[in-house]
Amino acid sequence: MNPKLNQLQLYPFQKLKQLLGGVTRNSALSAINLQIGEPKHAAPEFIRQAMIDHINGLSAYPMTLGSISLRNTLANWIQKRFNLTEINPDTEVIPVNGSREALFSFAQAVINTDKDRAMVICPNPFYQIYEGAVLLAGAEPYFINASSKNHFACDFSQVSDVIWSNTQLVYVCSPSNPTGRVMTLGEWKQLFELSDRYGFIIASDECYSEIYFAEASPPLGALDAAQQMGRYGFPRLIVFNSLSKRSNVPGLRSGFVAGDAQILEKFLLYRTYHGSAMSPVTQAASSAAWNDETHVIENRRLYTQKFSDAMRILSDVINIQMPDAGFYFWLETPISDTEFTKRLYQDYNVTVLPGSYLARDVHGVNPGANYVRIALVTTPLECAEAMQRIKDFISDLN
């Protein structure tokens with residue numbers, strides 16, 4: 001077996017299962033599960049119908065590059081959403097089987113282990129796929145703590161020249177999982193300048209980009225930021241996005257990568273051997289989804305309602321801040337995050353995820369400690385009920 005597998009930690013939900021394994025939950029209350037970022041809103045019927053209408057596509061092998069129809073759809077959506085002058089559907093866009101698959105495989109394609117001490121910079125806390133991708137690519141992760149002290153931003157100035165000189169790839173997540181923070185134009189400017197100086201590639205995970213709370217103010221994306229700075233052709237920048245959150249179809253496994261054409265040319269070669277072509281049926285459903293914004297607007301309305309209810313219910317018992325975007329509350333806990341999670345599960349039958357499971361100890365600090373991630377993914381009524389139970393639990397603690 002590949003010895004690098006031994007470097008992988010348990011996935012956060014495996015740790016959660018162990019934490020709660022011996023705990024008896026309050027069966028007098030219905031279970032409310034808010035630990036997993038799995039959208040529970042109904043998948044749009046027209047996406048289902050598109051799959052049915054194109055079911056004969058199962059009889060054909062798909063191309064790894066995807067159909068020109070889907071790539072044109074993706075390019076049109078990207079250009080409109082991120083205010084781009086243009087993006088080439090033939091060279092700057094590739095459909096992928098969900099952002100998770102692509103975020104992992106990308107590291108395998110771009111890391112050069114022939115160089116001494118190949119390093120990859122990741123935010124901390126973070127989406128655990130980044131770490132696994134780095135370790136199995138034979139590189140070394142370097143974590144940048146994002147805490148309330150710096151408003152959950154990644155402070156790139158804390159990284160030494162020695163680390164930057166060995167860095168081949170930087171993962172960023174905006175809007176962030178789990179904090180919901182969106183990177184500013186100033187932060188992008190700093191990161192682009194560092195990329196120019198040291199030559200590393202930027203992988204921008206933007207799968208939460210379409211969950212925001214003011215229709216006129218969508219979150220800034222990396223492609224938009226690059227164009228605003230005159231970085232046409234998106235040098236050393238690849239963006240990852242997905243339909244899972246935007247369109248409530250996590251089981252569809254559909255997304256895209258976009259950016260630097262030279263990098264995508266090599267990534268496409270890797271993917272051709274990796275066997276990650278998207279089914280023609282999924283391509284048809286994906287085109288239908290990307291071409292429609294009505295269901296996405298309704299999706300945002302539901303999340304806005306749930307966050308509004310949560311702020312109203314919780315704000316008088318605990319300090320709580322709205323995220324910039326996404327569907328997570330990153331809630332600071334009055335007791336340890338693991339104890340908070342256990343007792344909330346035991347006494348109120350609400351499941352959340354300890355923040356320390358989403359981070360690593362760096363410089364003597366785990367920036368996820370004493371936080372929980374709450375995924376507001378279920379119905380507004382059930383989310384409001386969960387918030388009331390959390391309020392009662394916190395009141396009991398006080």
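Let's start with a cysteine. Cys173 counts as buried, at 10% relative accessibility. Buried here means under 20% relative accessible area, with exposed over 50% and partly exposed in between, using a 1.4 Å probe and protein chains only. The closest cysteine sulfur to that of Cys173 is in Cys207, 5.9 Å away, too far for a bond.

A word on the source. This is a predicted model, where local features need pLDDT of at least 70 and side-chain atom pairs count only at pLDDT 80 or more, while totals for chains, interfaces and linings use all residues. Residues are numbered from 1 along each chain as its sequence is written, and side-chain values use heavy atoms, leaving out hydrogens and water.

Back to cysteines. Cys122 is buried too, at 1% relative accessibility. Its closest cysteine sulfur is in Cys154, at 9.4 Å, again too far for a bond. The cut-off for a disulfide is a pair of cysteine sulfur atoms within 2.5 Å.

Next, the pockets. On a 1 Å grid over the protein atoms alone, a pocket is an open set of points where a 1.4 Å probe fits, with protein on both sides within 12 Å along at least five of seven lines; lining residues have an atom within 4 Å of a point. Volume is the space filled by probe spheres set on the points.

The largest pocket holds about 460 Å³. Its lining has 25 residues, and nearest the centre lie Tyr11, Gly37, Arg100, Tyr127 and Lys245. Helix 1 (12-20), helix 4 (99-110) and helix 9 (243-247) each give two or more residues to that lining. Helices are DSSP runs of H or I, at least four residues; strands are runs of E, at least two; both are numbered from the N terminus. By class, the lining has 13 nonpolar, six polar and six charged residues.

The second largest pocket holds about 390 Å³. It is lined by 18 residues, with Phe152, Thr179, Gln321, Met322 and Trp330 closest to the centre. Which strand gives the most to this lining? Strand 9, residues 328-332, with five residues.

Strand 9 also belongs to a sheet. Three strands form this open, antiparallel sheet, in the order 9-12-11. Strands pair if DSSP finds at least two bridges between them. Strand 9 and strand 11 (353-354) are the edges, each pairing on one side only. Five bridges join strand 9 to strand 12, residues 371-375. One detail to look for: Glu332 has Tyr371 in strand 12 as its bridge partner.

Conventions. Ala, Val, Leu, Ile, Met, Phe, Trp, Tyr, Cys and Pro count as nonpolar, Asp, Glu, Lys and Arg as charged, and the others, Gly among them, as polar.
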